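Here's a quick briefing to read alongside the model. Have the sequence and the 3D view open as you go.

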Amino acid sequence: MNWKRAAIASLFAIPVILLFAWGMTKDPKDIPSPLPGREAPTFALDVFAPGQPPLLRNVGDTIRLADMKGEVVVLNFWASWCLACRDEHSTLSEVARSYAGKPVHFYGVLYNDAPVNGTNWIAEMGGQSYPSLNDPKARTAIDYGLYGVPETFFLDRNGRVAYKHTGPVPAAVIARVVDSLMAAPAATPAAPSPAPAGAASQPKAGG
Amino acid sequence: MRRTMFTWSLIAAAASLAFAQNAPSAPPSDPKQAGAISPEQIQKEGKSAAERSALNMRTANDTALEAMTTAVASELRCPVCQGLSLQASPSELAQQMRGLVKDQLAEGKSPDEVKAYFVSKYGEWILLSPKPQGFNLLAYLLPVLLVVGGGAFIWVLVRKWSAPPVTESNPSSTDSAV
């Protein structure tokens, strides 16, 4: 009789325990993005920080994704109030400069911040090699399913989101992804290169 | 007698007051008389009535749009909060997303289309109530199963506890009473 009771109790308890145990293995901030593999949301944003030669763009110029078909685009969402953005700033700036003249564009997109704060922050950080764009009302950020900053999107030559990186992006990840996207033919969708071990490959909430 | 006269004088005073009040509303024989409504006035009043009506309609539309925005924003999760909807969250991103919900509804998109837009950007995670399909069904069925199972368990226990003790020498209390 006792064995029967124990079996019935186990029948109810074990699935619930397993469910909770499975839940404990999941990071609640680890939220898969549906964007990689899909067509990148279009945007037309104005330059507020010009960058530096040879990547210089005029302040007020409108940058349209549609004008960059056939080329790789790296979009880095950042803000002056974001501490993690300081960690990746010099890396991104240097890597972007090293790709000057190649079919890849680097753009920063200011997220929930005033352009004047962004400009001051760039000056404080010693400049930025690539231009930064203003995103009023965070409409482009929402279009890209942004959770926080910094987040970096790599768009392939066919205008698709190939890879999304959450948190400060290491130089090795940028080089690996950009090189693989540049090497991929423009006519067929480029497969994103797997991220190196330790690199964040999924978006995390509240970044 | 004096009381009757006083009553009649009150009635007469009330009647004359009522007549005096009604008198100006009677149509004047001369249109140029004071109080007459000119065609310009009619046109002006008609115009203001139309404006008032348009304003009322706009207010009603705004109220309906706001209510629909609130309903949709209450079903979408704030990405930078813990379990809060866009409607409940004071965060800047949530408010911007709520603004986008309102704009899309104002453009003529249906609530389902607006929710589908956010799902396409953030995945199904953005829905506070997951779609009742596949693995998500557990979230809907498990509480019902637990309530039914728990209820049945309690019912069995209560029946067992409230049953009179049965012994061989004393099978029932009624027998012993007889």
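**Two helices in chain B**

In chain B, helix α2 (residues 39-73) and helix α4 (residues 111-122) have axes that come within 10 Å of each other and cross at roughly 40°. That angle makes α2(B) oblique to α4(B). Bear in mind that this is a predicted model.

- The α2(B)/α4(B) crossing is right-handed.
- On the α2(B) side you'll find Met68(B), Ala71(B) and Val72(B), and they meet Pro111(B), Val114(B) and Lys115(B) from α4(B).
- Sorted by class, this contact has five nonpolar residues, one charged and no polar ones.

**Where chain B touches chain A**

- Chain B puts 14 residues into the contact, and chain A puts in 16.
- On the chain B side, α3 (92-106) and α4 are the elements that give two or more residues.
- The largest share of that side comes from α3(B), with six residues.
- By class, the chain B side has seven nonpolar, five polar and two charged residues.

**Helix α3 of chain A**

- The buried residues of α3(A), which spans residues 115-124, are Gly118(A), Trp121(A) and Ile122(A).
- Looking down the axis of α3(A), these buried residues fall within an arc of 100°, so they line one face of the helix.
- As a rule, an α-helix has 3.6 residues a turn, so residues three or four places apart point the same way.
- What do the buried residues of α3(A) pack against? Their partners are β1 (44-49), β4 (104-110) and β5 (132-134) of chain A.
- Turned away from the buried side, the other face of α3(A) carries the exposed residues Val116(A), Asn120(A), Ala123(A) and Glu124(A).
- After α3(A) comes Gly126(A), with a positive phi near 90°.

How values were computed. Residues are numbered from 1 along each chain as its sequence is written. Chains are lettered from A and ligands numbered from 1 in the order in which they are written. This is a predicted model: local features need pLDDT of at least 70, side-chain atom pairs count only at pLDDT 80 or more; totals for chains, interfaces and linings use all residues. Axes are lines fitted to C-alpha atoms, for helices over the stretch in contact, and angles run from 0 to 180 degrees between N-to-C directions. Helices (H or I, at least four residues) and strands (E, at least two) are DSSP runs, numbered from the N terminus. Angles under 35 degrees count as roughly parallel, over 145 as roughly antiparallel, 65 to 115 as roughly perpendicular and the rest as oblique. A crossing is left-handed if the near helix is turned anticlockwise from the far one by less than a right angle, and right-handed if clockwise. Two residues are in contact if their C-beta atoms, placed from the backbone, lie within 7 Å. Ala, Val, Leu, Ile, Met, Phe, Trp, Tyr, Cys and Pro count as nonpolar, Asp, Glu, Lys and Arg as charged, and the others, Gly among them, as polar. A residue is buried if 20 or more other C-beta atoms lie within 10 Å of its own, exposed if 12 or fewer, and partly exposed in between; C-beta atoms are placed from the backbone. The arc is that of the directions from the helix axis to the C-beta atoms.
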